[in-house]
Structure formats: structure tokens, C-alpha cells
Amino acid sequence: MSSPALAIQLSEAEMRLLQTLVYQECGMYFDARRAHFLQDRLQRRLRECRVDSFYHYYRLLMSPEGRQELMKLVENLTVNETSFFRNKAQLELFHKGILEELITQKQESGNHQIRIWSAGCSTGQEPYTIAMLLADALAYHQLRMPASGEIEWPRPLISPPWRVEIPASDINYTVLRAAQEGIYNEHQMSSVDYSYRLRYFDKVGERYAIKKPIKELIHFDFHNLKTEFLPQKNDVIFCRNVMMYFDEAEQRRLLEKFYRCLSPGGYLLVGHAESLLGLTDKFVMVYKNSGTAYKRVEVSQ
Ligand SMILES: C[S@@+](CC[C@H](N)C(=O)[O-])C[C@H]1O[C@@H](n2cnc3c(N)ncnc32)[C@H](O)[C@@H]1O
């Protein structure tokens, strides 16, 4: 670590300029409470780029070659904290409520495609949790209502006619690479109980690797939630602990996009500290045993 004496001074006006640039790029908003974090990360980038003034760094960002550095800066500003089976009450509602409803509806309509998007997936624990819960829910459904005809052996993780897609996206390439690798240490596995470890992980040395059939359900990709080009036709969207870094205007814009990215009757799941209250009337809250979700409201013609 360099000493504070070597810190390059940023004026308030310079900070505001950077704040605006980051906000326009990715929607993250650094208010007075988080200005210190932004300042700290900026200092790091300036040192890393061996740039001796804010003026030169800003010029670099605005130049055609600066695109890569802007993405690096954004990566440095993201908070990537995550864990397997995060927010158990909400996952219980997802598993026992939303998935059961979805599977029953799909079975009745003859559409056996299920698509669940993890938006802001960080290092992958969220989409892998979704995949494990969904595989279990479908296996339980098929146990109760066995399909007629020949049973494939060994039984695939997802048996026909069901088809599962889990797009998982982030703005940070570093976390996406770790997510794609899908190997976790003991500390990261602390919230995974032994029955999930046994069924869905292989032990590789001291670490745990996600088994291939679970991995194959997930498609990791770069998506910036600030843009319009986002995965469509989802039955459920998980966007947990992402919106909290956006300001109210950006949250409203994002909710409009999520509404369009969901199939009719679809669900949006946000983080424990996040709420849609006062932001939109296009979703209605569903609540059970401390778990919450938001269901898309259908407007009658
Ligand atoms: C705190 S993590 C949450 C991870 C996971 N959803 C969970 O709740 O455990 C927030 C993630 O959102 C991503 N993120 C922030 N802004 C984004 C944007 N504009 N587009 C896409 N992802 C973004 C960050 O890179 C980070 O990995």
C-alpha cells in the first residue's frame, strides 16, 4: 500500500465529473455516504495506470483507447459479495411456492421450457443455487407425476420433456470468469449442506467443483443492466443486491426493463434490503414466512 502522502488530490468538481461518468456507464450512484469508496478506488486506478493527475486520467477515459480502462474502473467499483443459498426465507418461497406454481402451470399448458435469469450473478453462487433448487423441484414433480413412456437411464438431471435455461449475467468480467469456473473453497461452501455437496459437487483437492450437468444449465454472459439489450422471456428474474447501488431514477428504469423481460405472470426477486415500494405499480408483492417476491401485474386490455 502506498502512503496517503502520495495520494493524488481530486477536487470536488473532478469527483463529480467521475461520478457522472460512472453513473452514465453502469447506473451505480455514489452519494455522499459512498464518495469515500469511489475516491479510494479512483486513487488505485490512477496509481495502476501511472497517471499523475486526475486531468490525465479523465482524458484517458474519454479517449477511444480509454474504453478498456473505463470497464476496469467499473469492475473496481462493483461490490461482489455473494453466497450460496443467500436469503433462505426468500428461497423457500421460490422453491415451494413460485416453482411449484410455475411447474404446474407449464405442465398444464404443455410448454415445458423454464427460464430463470440471475442478473448481477457475481461469482456464480446465486445461479448455481437456482439450478440446484430447480433440479430438485423438477425431480420431485416427476416423482409425483411420472412421465409415460420409456425412462432414460442413467436418468439425466433434467428429464424430457422439461428444458431449463439459466442465463446469468454481470458487468464484471473477473467475477464472470470465476463463476464459469465454478470451483469454491470451504469458506464459500459454508452455507451448502451435505446433501447438496454430495449430489451437486465434486471434491477437487481442498475445494469443491460444481458438477457438469448443473453447470450446463447455466449460460454466463456479460450484460450491463444500464442498457436495453437484456435476456428476454424469463419466468423469474433474480436481481438481488444490485439495485441498491443505483439511484431512484435508475431503479425505476430498471424495473420497467425487468417488466418487459418477464413473461406474463413472471416473478422478480430482489435483495433483502431492497424494495419496489413507491417505485412501480407494475408488480405486486407476494409474501410468505418472511420471504418476499414481486409478481408481474397483467394489464387487462
Ligand atoms: C453484491 S453482488 C450480488 C450478487 C448476487 N446477486 C447476490 O445477491 O448474492 C452485485 C453484483 O451486481 C453487479 N452489477 C453492478 N452493477 C451492474 C450493472 N450495471 N449491470 C450488471 N451487473 C451489475 C456487480 O458486478 C456485482 O457482481
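Helix 1 (residues 12-26) packs against helix 4 (residues 67-77) at an angle of about 90°, and their axes are 11 Å apart. Because angles of 65 to 115 degrees count as roughly perpendicular, helix 1 is roughly perpendicular to helix 4. The residues that meet are Val22, Glu25 and Cys26 from helix 1 and Leu70, Val74 and Leu77 from helix 4. By class, this contact has five nonpolar residues, one charged residue and no polar ones. As with everything described here, the packing is read from a predicted model.

The next level up is the division into domains. The protein is divided into domain 1, covering 4-77, and domain 2, covering 88-296. Taken over C-alpha atoms, the centres of the two domains are separated by 33 Å. Seven residues of domain 1 are in contact with eleven residues of domain 2. On the domain 1 side of this contact, helix 1 and helix 4 each supply at least two residues. By class, that side has four nonpolar, one polar and two charged residues. Between helix 4 and helix 5 runs a loop that holds phenylalanine 85. Most residues other than glycine have a negative phi. Phenylalanine 85 is not a glycine, yet its phi is positive, at about 50°.

Turning to the strands, an open sheet of seven has the order 6-2-1-7-8-10-9 and mixed pairing. Strand 6 (218-222) and strand 9 (283-288) are the edge strands, each pairing on one side only. On average, and with direction ignored, neighbouring strands of this sheet are turned by 20° against each other. Strands of a sheet pair through backbone hydrogen bonds, either parallel or antiparallel. The parallel sense is found between strand 7 (residues 234-239) and strand 8 (residues 262-270), which pair over five bridges. Valine 236 has tyrosine 267 in strand 8 as its bridge partner. The antiparallel sense is found between strand 9 and strand 10, which are joined by six bridges. Here valine 284 stands opposite lysine 295 in strand 10. Strand 9 and strand 10 form a hairpin with two residues between them, and asparagine 289 in the turn has a positive phi of about 45°.

Helix 5 (residues 88-109) lies across several strands, namely strand 1 (113-119), strand 7, strand 8, strand 9 and strand 10 (291-296).

Strand 4 and strand 5 (residues 207-210) pair in the antiparallel sense over four bridges, and aspartate 202 stands opposite alanine 209 in strand 5. The hairpin of strand 4 and strand 5 has two residues between the strands, and glycine 205 takes a positive phi near 60° there.

One peptide bond also deserves a mention. Most peptide bonds are trans. The bond from proline 160 to proline 161, however, is cis, with omega near 10°. Proline 161 lies in the loop between helix 6 (125-144) and strand 2 (163-170).

Notes
Residues are numbered from 1 along each chain as its sequence is written. This is a predicted model: local features need pLDDT of at least 70, side-chain atom pairs count only at pLDDT 80 or more; totals for chains, interfaces and linings use all residues. Axes are lines fitted to C-alpha atoms, for helices over the stretch in contact, and angles run from 0 to 180 degrees between N-to-C directions. Angles under 35 degrees count as roughly parallel, over 145 as roughly antiparallel, 65 to 115 as roughly perpendicular and the rest as oblique. Two residues are in contact if their C-beta atoms, placed from the backbone, lie within 7 Å. Ala, Val, Leu, Ile, Met, Phe, Trp, Tyr, Cys and Pro count as nonpolar, Asp, Glu, Lys and Arg as charged, and the others, Gly among them, as polar. Two strands pair if DSSP finds at least two bridges between them. Domain bounds come from an automatic or database domain assignment.
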